[in-house]
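Here is a short briefing for a reader new to this structure. Take a look at the model first, then read the points below.

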Amino acid sequence: MRRFLLIAFPYVWLLALFLIPFAIVLKISLSDVALARPPYMPQFSWDEGIGAFLSQLDFENFTFLTTDDLYWKAYLSSLKIAAISTVLTLFVGYPIAYGMARAPEAWRPTLMMLVILPFWTSFLIRVYAWRGILSQEGYLNQVLMWTGVISEPLTILNTNIAVYIGVVYTYLPFMILPIYAALDRLDGSLIEAAEDLGCSRRSAFWLVTIPLSRPGIIAGSFLVFIPTLGEFVIPSLLGGSGTLMIGKVLWEEFFNNRDWPVASAVAIILLLILIVPIVLFQKNQQRQAEAEG
Amino acid sequence: MSQTVFAPWTDPAAKPLIRFKNVTKRFGTFTAIEELTLDIYEREFFALLGPSGCGKTTMMRMLAGFEDPTEGSIELAGEDIVKVPPNQRAVNMMFQSYALFPHLTVRDNIAFGLKRERKPRDEVDARVEEMLRLVQLQPFASRKPHQISGGQRQRVALARSLAKAPKLLLLDEPLGALDKKLREETQFELMDIQEKTGTTFVIVTHDQEEAMTVASRIAVMKDGALMQVATPSQIYENPNSRYVAGFIGDVTILEGKATKLGDAYEVRWAEGQPPLRAKSTLDLADGAECQLAIRPEKVEIHGEKPSDDNVLQGKVIDIGYLGNISTYHVELANGQIIRAQNFNTERDTRRAFTWDDNVWVNWTENCAVLLDH
């Protein structure tokens, strides 16, 4: 009995906090918009019965998504922004993780702390603070003008560049920590063995260090890519009118258009797109666990 | 065909392959190696033997190029290699942890060094096959290191380090991770491979039996200095110090004062015990402090008092039965314990001696080794 409860707990959790909400969203996505509260129909009622209720559901909203090119463009643009951000985060994060793993043992907890420290402040405030840095009269432009690198202030805020900066900044720890974990486990004698067998320092890095930190690179990349794909806060605070991301579209459908059924359809498609990288991520984690076992 | 004994170290004309000249290595304030000079010859199987922290691993890492000597020079085939980085030395190392690349198959591990030389592909493949054959791992060529046993991993590491046909192969505790039986088999395999390939091997070990089995010469180290460099039998039968005598094999040490008596010395070592005679080439002043080292297998044990020299009377207090031999601990009247070993050459015979038996032990004057420090 106790064993049953232990197993039941995660399933109940999953049912209550994922499957039921998902079913509700799915139902809304199959409904029609209505000037009512809640703003969609049909509503289930016991008088009419389940058959009549189900017969009113249709895939109209999903068909609508394919007729307006805003949606697929937003999906593609989100995928592009998430992919570019992931690569940028990797290029910034890998050297940091590498430096941490090679730092003296006594320093490592401090360095780790410094990586995690930003999480102690609200994500929203930290992203908002970037507006002050990136705006026309912001600190970045002031410093660049003062040092004479530029004569005209750069327009960074409200462009995709600001979005990339925001994403790299926000998700950097998710990239650093798994790569650091992989590099920390790396046996130093493997590098020595590679050098002993004729590798230069640089080729030992490409032939041994990079392949052996690959699970960390993959894990970190997914941890950045997956949340960035549906990101809403960063593009709306730092991005401009040209920044097209599905998270923003979703928000507008829900709160500006009050078209819950279409918004739900957008959300369902986003979820389906996300399942692919999530499954790949799980596979990577599993393979790593097996290799270590 | 005349059999010539392999002993280039006795030939003054022979050129050593490796030459340590006054090498000192310090880590901060700690001196790992002090003023060490050592020659190792081609085709030797040379063992660096000592307890952990004696500097043997530092010596090996200096040969591989992972550490630079603080002072002195190291020559390989007549050239100073101190400034040569590890990837440009004709030296390969087999690591204690094996350091096999976990992401590569057995075949790719062995091919790793060859590929770095940018040799043609078929040449690399042929060499890898040859190495796989040498260590009998052909059926496992496509497996990853975590899919094979510890003994097989050890052989992959050996094949990988031999693949580039180095002038010198370094082996850092190569058999440390194997169980006893496998270790003994592998020791003979190592000797076989060393002979077949004609490579000079330098092995670091703390296992004296291993060093005795495989090595042509052994350097016994202590605190960053060489205590004795000699063949296994010289080290065992003619240790030059109490430390070496005690480090290799079992030994009973008696302390006393020497008096010259012809070509031997008489050692007075305890009140009420007869003096002991030992032949020695040492030059000791009369009354000088000395030690007598006696190996248990050289000590005979008797029920009746024999009429020879070096006879001591005592009582059996302990018997260690090891199957092939038995070790008797004989306590003398003054409390000193002498160990004596007997071979159990027959089956099922009742032991001649048992606990509390009154016995006599003796050895010939050739058998005890006189030491002055």
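## A hairpin in chain B

Strand β9 (residues 217-222) and strand β10 (residues 225-230) of chain B run antiparallel and are joined by 5 bridges. Two strands count as paired if DSSP finds at least two bridges between them. Helices (H or I, at least four residues) and strands (E, at least two) are DSSP runs, numbered from the N terminus.

This is a predicted model: local features need pLDDT of at least 70, side-chain atom pairs count only at pLDDT 80 or more, and totals for chains, interfaces and linings use all residues. Residues are numbered from 1 along each chain as its sequence is written, while chains are lettered from A and ligands numbered from 1 in the order in which they are written.

**More on the hairpin**

- Ile218(B) has Ala230(B), in β10(B), as its bridge partner.
- The hairpin of β9(B) and β10(B) has 2 residues between the strands.
- Asp223(B), in this hairpin, takes a positive phi near 45 degrees.

**An open sheet in chain B**

- Strands of a sheet pair through backbone hydrogen bonds, either parallel or antiparallel.
- An open sheet of 4 strands in chain B has the order β2-β1-β4-β5, with antiparallel pairing.
- Its edge strands are β2 (30-40) and β5 (79-80) of chain B, and each pairs on one side only.
- Strand β4 (residues 71-76) of chain B pairs with β5(B) over 2 bridges, in the antiparallel sense.
- Glu75(B) stands opposite Asp80(B) in β5(B).

**Chain B as a whole**

- Chain B has 8 helices and 20 strands.
- Its C-alpha atoms fill a box of roughly 75 × 50 × 50 Å, taken along the principal axes.
- Of the 373 residues in chain B, 38% are buried.
- A residue is buried if 20 or more other C-beta atoms lie within 10 Å of its own, exposed if 12 or fewer, and partly exposed in between; the C-beta atoms are placed from the backbone.
- Among contacts in chain B between residues at least 6 apart in sequence, 65% join residues at least 24 apart.
- Two residues are in contact if their C-beta atoms, placed from the backbone, lie within 7 Å.
- UniProt, in an unreviewed entry, places the feature "domain: ABC transporter" at residues 18-248 of chain B.
- That span, residues 18-248 of chain B, is 36% helix and 26% strand, and its end C-alpha atoms lie 25 Å apart.

- Most residues other than glycine have a negative phi, and most peptide bonds are trans.
- Tyr98(B) has a positive phi near 75 degrees.
- Tyr98(B) lies in the loop between β6 (91-94) and α2 (106-116) of chain B.
- Tyr98(B) counts as buried because 24 C-beta neighbours lie inside 10 Å.
- Gln136(B) has a positive phi near 55 degrees.
- Gln136(B) lies in the loop between α3 (121-134) and α4 (150-162) of chain B.
- Gln136(B) counts as exposed, with 12 C-beta neighbours inside 10 Å.

**Where the chains touch**

- The contact takes 17 residues from chain B and 15 residues from chain A.
- On the side of chain B that touches chain A, β6 and α2 of chain B are the elements that give two or more residues.
- The largest share of that side, 3 residues, comes from α2(B).

**Helix α4 of chain A**

- Helix α4 (residues 69-102) of chain A has 34 residues.
- From first C-alpha to last, α4(A) reaches 49 Å, close to the 50 Å expected at 1.5 Å a residue.
- The expected span is 1.5 Å times one less than the number of residues.
- A kink of about 25 degrees lies at Gly93(A), shortly before the proline Pro95(A).
- The bend at a residue is the angle between axes fitted to the seven residues ending there and the seven starting there.
- Buried residues in α4(A) include Tyr75(A), Ile81(A), Gly93(A) and Met100(A).

**Cis peptide bonds in chain A**

- The bond from Arg37(A) to Pro38(A) is cis, with omega near -5 degrees.
- Pro38(A) is in the loop between β1 (32-33) and β2 (40-41) of chain A.
- The bond from Met41(A) to Pro42(A) is cis, with omega near 5 degrees.
- Pro42(A) is in the loop between β2 and α2 (49-55) of chain A.

Technical notes. UniProt positions renumbered as here; feature names shortened; annotations may be inferred.
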